[in-house]
Amino acid sequence: MIRLSGVSRCFVLGDQQVKGLDQVDLQVSPGEYLAVMGPSGSGKSTLLNILGLLDAPDSGEYWLNGEATAALDENRRAELRSRHIGFVFQSYHLIPRLTALENIELPMLLAGIEPAERHRRSARLIERLNLGDRVKHRPAELSGGQRQRVAIARAMVMQPALLLADEPTGNLDSHSGTEVVALLEELNGEGLTLLVVTHDPAIGGRARRRLSMCDGQIIDDIQQGPGDARG
Amino acid sequence: MRAADGLGLMLGALRGHRSRSLMLLLAMAIGVVAVNLLTGLAEGARQFVIGEFSLLGRNTLIVLPGRKETSGGMPPLTGLATRDLTLGDAEAIGRLPSVRRVAPLQAGQVEVSVGNRVREAFTLGTSHEFFAIRQLDVAQGQILPALPLDQAEAVCVIGFTLRRELFGSGPALGEWLRAGDRRFRVVGILGERGESLGMDFGEMLIIPVASAQVLFNREGLFRVFAELRGPHFLASGKRQILETISARHEGKEDVTLISQDSMLAAFDGILDVLSLALAGIAAISLLVAGILIMNVTWIAVNQRTAEIGLLKALGARPAQVRALFVGEAALLALAGGLIGLGLSEALLWFGRQLWEIPLQTPVWARFGSLLLALLAALLFAWLPASQAARMEPLAALRPPGARA
């Protein structure tokens with residue numbers, strides 16, 4: 001599903017060059033559950049942004065579903081994001097003036113999906129995520145856990161194959177955090193490829209595959225069975 | 001994206017940034033008001049001037065003593081006579097086949113008094129026909145009687161303002177007033193018509209021309225009004241008048257003829273410049289509104305980077321992002337333009353009630369100003385919106401100052 005080969009990404013910070021990613025190779029199969037861990041500045045967010053086509057590598061190649069992405073124009077990248085990738089952010093990134101329901105439907109609006117189909121899909125997710133009447137409220141009137149569940153619903157309405165979560169529990173208390181992680185794992189159980197960036201070992205430890213990053217490189221890639229995850 | 005959904009998103013964004021939206025609305029409204037009001041004023045001035053000269057009538061010629069060698073431009077309003085125009089000349093013009101009516105004119109300032117009320121009045125010596133030619137009517141009494149031109153009679157018609165100043169609230173009709181060293185009986189009072197062709201009839205004293213000649217002790221006429229039998233007699237009428245004068249003045253065509261067309265032609269040039277200047281001012285105000293749109297859209301793009309980044313992450317194409325921002329500006333321009341249009345029409349309506357000037361924006365200017373506002377919005381919002389469209393989704397999503 002995902003293949004990275006020799007991907008590098010540099011940032012210029014002042015007069016200093018910072019290596020966000022340094023010659024990273026990575027393969028991810030459909031349905032995998034990955035946690036990317038590492039200290040702040042290790043390149044895990046950069047990796048996630050490149051995987052989500054939010055950022056492009058300076059060198060190296062990234063194949064998404066067998067399609068080389070380096071030469072794609074912005075329109076095609078937008079289309080790939082729309083159809084194949086869902087994002088969940090630490091700070092939710094809900095649009096404050098829209099209701100939770102409108103936020104959930106936004107990706108379908110952009111994709112030009114008919115209202116009837118939109119309502120069908122969002123209703124199913126709202127039911128599933130146990131949001132109920134809360135979707136008529138604006139994000140400011142929701143709790144953090146509810147906001148993140150709205151964000152997950154928004155990430156899922158386009159039925160993507162890949163869900164990228166950047167510190168999804170970073171702004172949540174442990175109870176809501178556990179709930180959100182459980183929800184993500186449930187979706188993973190239905191075949192969704194899940195990649196979670198976190199620096200919380202308790203969250204990262206639950207993934208079947210753990211990547212550890214440091215200075216823009218993957219220094220550890222541990223596979224473990226589902227049973228071990230809770231051990 | 002479906003058009004209705006896009007519209008919904010734009011309206012939501014406009015509602016969400018209320019003060020910004022109101023500011024732009026105001027700017028566009030002011031721009032459109034400026035265009036509409038100024039073209040309305042220019043058009044009103046044009047209509048007013050045309051209306052004033054139309055009172056002269058297409059069929060009327062003014063004969064001035066003295067020949068001015070002008071081939072175009074502004075005809076002389078006062079001429080230096082080489083030879084006086086006489087009552088005989090006026091009668092001869094009146095006998096021409098193409099001339100329907102003729103009215104000689106003698107004019108001057110005279111001290112007028114009733115009892116102890118004294119004032120200066122512009123005094124016109126003319127004939128019965130003058131009232132028909134200038135479409136003057138009396139509110140009370142009668143116009144000057146039809147007399148032979150050379151017969152003096154101690155009667156007068158006075159303007160509305162003069163009547164009030166001389167007689168106050170008392171009766172005026174049938175009363176006597178003193179003008180210079182003579183007395184006249186008031187037989188008529190002009191209606192409230194105000195000023196026309198630079199003559200304020202409200203302040204005027206009108207007496208028979210022969211009486212005026214005695215009063216001013218002057219034979220020569222100030223000018224002669226000649227009304228032709230129809231517009232197509234204009235050329236032949238001019239020729240016949242010049243021939244008649246020439247025959248009576250020892251072969252010299254020492255008069256100048258003014259027609260409505262020649263005066264209008266002169267004023268048209270002035271009015272064109274006026275219209276252009278006002279349109280220019282109006283265009284500048286729209287330009288200012290446009291630049292304001294650009295600034296505010298720019299601020300909006302910068303304030304909403306997170307939203308732009310999110311839209312991109314959710315799969316919005318660059319063109320969609322641009323369309324949303326340009327669309328917002330266009331919606332504001334349209335709404336602001338409509339408000340401005342309504343406002344300017346209301347102001348023009350008030351203007352029409354206050355003054356007699358026919359203030360009216362031409363239809364093309366109404367649609368034009370709306371279209372211009374829309375174009376300005378599209379043009380000036382395009383640049384910042386394109387900047388938003390080009391924005392890297394990542395740069396937009398990242399909180400300012402933070403670094404992954």
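User: How many bridges join strand β5 (residues 155-158) of chain B to strand β7 (residues 182-190) of chain B?
Analyst: These two strands run parallel. Strands are DSSP runs of E, at least two residues, and helices are runs of H or I, at least four residues, numbered from the N terminus. Two strands pair if DSSP finds at least two bridges between them. The number joining β5(B) to β7(B) is 4.

User: How are residues and chains labelled, and how far is the model used?
Analyst: Residues are numbered from 1 along each chain as its sequence is written, while chains are lettered from A and ligands numbered from 1 in the order in which they are written. This is a predicted model: local features need pLDDT of at least 70, side-chain atom pairs count only at pLDDT 80 or more, and totals for chains, interfaces and linings use all residues.

User: Which residue of β10(B) stands opposite Ile158(B)?
Analyst: Strand β10 (residues 204-208) of chain B is joined to β5(B) by 2 bridges, and the two run antiparallel. On the side of β7(B), Cys156(B) stands opposite Val186(B). In β10(B), the residue opposite Ile158(B) is Leu205(B).

User: Which element gives the largest share of the side of chain B that touches chain A?
Analyst: Here 23 residues of chain B are in contact with 24 residues of chain A. Contact puts C-beta atoms, placed from the backbone, within 7 Å. Elements giving two or more residues to chain B's side are α1 (3-16), α9 (305-313), α10 (318-354) and α12 (393-397) of chain B. The largest share, 6 residues, comes from α9(B).

User: Which helix of chain A packs on the sheet?
Analyst: In chain A, 4 strands form an open antiparallel sheet in the order β2-β1-β4-β5. Its edge strands are β2 (16-28) and β5 (67-68) of chain A, each pairing on one side only. The helix touches β1, β2 and β4 (59-64) of chain A. It is α1 (residues 44-51) of chain A.

User: How many residues of helix α3 (residues 100-110) of chain A are buried?
Analyst: A residue is buried if 20 or more other C-beta atoms lie within 10 Å of its own, exposed if 12 or fewer, and partly exposed in between; C-beta atoms are placed from the backbone. What covers the buried residues of α3(A) includes α2 (74-84), α4 (115-128) and α5 (144-156) of chain A, with α1, α9 and α10 of chain B. The count is 11 of its 11 residues.

User: Is Asn130(A) buried or exposed?
Analyst: Asn130(A) is found in the loop between α4 and α5 of chain A. Its phi is near 60°, a positive value in a residue other than glycine. Because Asn130(A) has 11 C-beta neighbours inside 10 Å, it counts as exposed.

Technical notes: Two residues are in contact if their C-beta atoms, placed from the backbone, lie within 7 Å. Axes are lines fitted to C-alpha atoms, for helices over the stretch in contact, and angles run from 0 to 180 degrees between N-to-C directions.
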